[in-house]
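Student: Can you walk me through this one? I'd like to start with how the chain meets itself.

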Amino acid sequence: MSTKSLPPVVFIHGWKASVLADKHTGKDEFNYTLGVVTGLAADPSIELPMEWESNGNQVKDNLIATEACHSAACMCGMVKLGDIYGPVLDHLEKTRDLHVFAYDWRLCLDETAANFTKFLISVKETTGQAPQVVAHSMGSLITLNVLNHNPYIFHSILLGAGAIAPNAAILKDYSLLGEKNIIIQNKTMFTPKINLTNPAPLHFIAYPGERELWGKPDTVLFRDDDAPLDLDLHKISTWKQYKLGIYHPDSGVDTVTEKMESWFQSVLDKAYNFRLGLLPQNSGLKASDCPPIAVLRGDHCDTEFSYNVRRIDESSYLDLKEGIGHIRGDGRVTLQDTVPPKDIPVCKIVTNAREHSEVLNDLENVDMLLNLLMSKKK
């Protein structure tokens with residue numbers, strides 16, 4: 001079968017996985033170069049204004065997404081240090097009609113989902129066929145939102161290491177210097193203060209009872225004296241009470257301003273509304289309207305999942321350093337959290353042994369699943 005007779009493929013990347021360039025000069029500001037990942041070069045300025053435009057979208061800086069990250073490199077890209085999406089992108093470029101959707105992974109996902117919808121419609125109109133979507137991590141979450149509202153613009157969907165189910169693993173990124181904010185050896189490019197201005201990852205966070213609605217086998221994210229505890233992380237008062245985010249003593253944030261708090265609550269509100277749109281019972285999506293969907297995920301290591309409340313005197317805090325509960329996953333996303341809500345049918349789940357960033361570089365299974373999805377569409 002010739003490439004032209006196959007449906008086009010659209011690739012959508014994950015968090016921190018597109019190159020950000022200055023829209024005026026074209027110069028790359030964020031990419032995985034040797035100087036950046038070792039901390040030897042100056043950190044790119046990736047803080048966004050904590051303000052909203054009149055249309056409800058976040059005020060932008062001068063950076064725009066230009067392409068999905070291909071590999072970590074030095075010497076102007078001449079020497080490769082490691083793979084990111086290089087293997088899967090190169091493979092799909094050679095074997096299929098590939099279209100890459102590069103987005104700014106800092107922004108609220110309602111805006112990105114709207115832009116992704118327009119991109120998919122454009123590909124469908126240009127090629128004459130609905131595309132197969134290959135999504136990774138946060139890209140899977142964006143894809144799931146678009147699916148709930150526009151199922152007919154997809155030929156089929158392959159979710160790779162999908163960070164889609166409600167969880168709490170992002171709390172460390174917003175609360176602790178170092179830890180998950182370290183990129184190779186760079187400890188300063190991402191911090192809780194910077195992450196506060198980059199709200200996209202907050203769309204991962206569960207609201208009370210959400211895991212039950214998704215049909216997940218493990219539903220308890222928090223415990224207090226071994227008793228299950230349901231925290232409403234879409235209220236800033238919860239972050240204050242349990243010393244999370246900018247209120248954590250190890251966040252590096254010395255002064256929390258009223259502007260920061262107002263901004264943070266407005267982002268949490270948007271993230272909550274976004275997550276409501278992921279469930280068919282809210283969106284009205286019918287199983288019969290869904291395109292064929294497959295999941296490729298990694299069983300690589302024990303992966304953080306749940307946290308415990310501790311008490312000192314009369315105050316409480318959520319312990320992000322000790323007593324953490326783990327279940328199997330790819331090091332960032334647990335196995336069960338890569339699967340869509342129970343009301344969305346999945347025709348095939350394949351598990352490899354790769355870590356989160358490498359799951360989709362399993363080219364044999366990517367090809368197998370894309371072919372399977374095409375056969376299910378007929």
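Student: Of the contacts between residues at least 6 apart in sequence, what share joins residues at least 24 apart?
Tutor: In this predicted model, the share is 75%. Contact means heavy atoms within 4.5 Å.

Student: What should I know about the ground rules?
Tutor: This being a predicted model, local features need pLDDT of at least 70 and side-chain atom pairs pLDDT 80 or more, while totals for chains, interfaces and linings use all residues. Numbering runs from 1 along each chain as its sequence is written, and side-chain values use heavy atoms, without hydrogens and water.

Student: And pLDDT is what?
Tutor: The predictor's confidence in each residue, from 0 to 100. The protein averages 94.

Student: Where does pLDDT stay under 50?
Tutor: Over residues 74-79. The model has 5 contacts there beyond four places in sequence. Where pLDDT is low, the predicted coordinates should not be read in detail.

Student: New topic. How many helices and strands?
Tutor: The protein has 11 helices and 16 strands. They are DSSP runs numbered from the N terminus: helices are H or I, at least four residues, and strands are E, at least two.

Student: Which residues of helix α2 are buried?
Tutor: Gly86, Val88, Leu89, His91 and Leu92. Buried means under 20% relative accessible area, with a 1.4 Å probe and protein chains only. Helix α2 covers residues 86-95.

Student: What covers them?
Tutor: The cover includes strands β1 (9-12), β4 (63-68) and β7 (98-101), plus helix α11 (363-377).

Student: How much of the whole protein is buried?
Tutor: 56% of its 378 residues.

Technical notes: Buried < 20%, exposed > 50% of the residue type's maximum accessible area, 1.4 Å probe, protein only.
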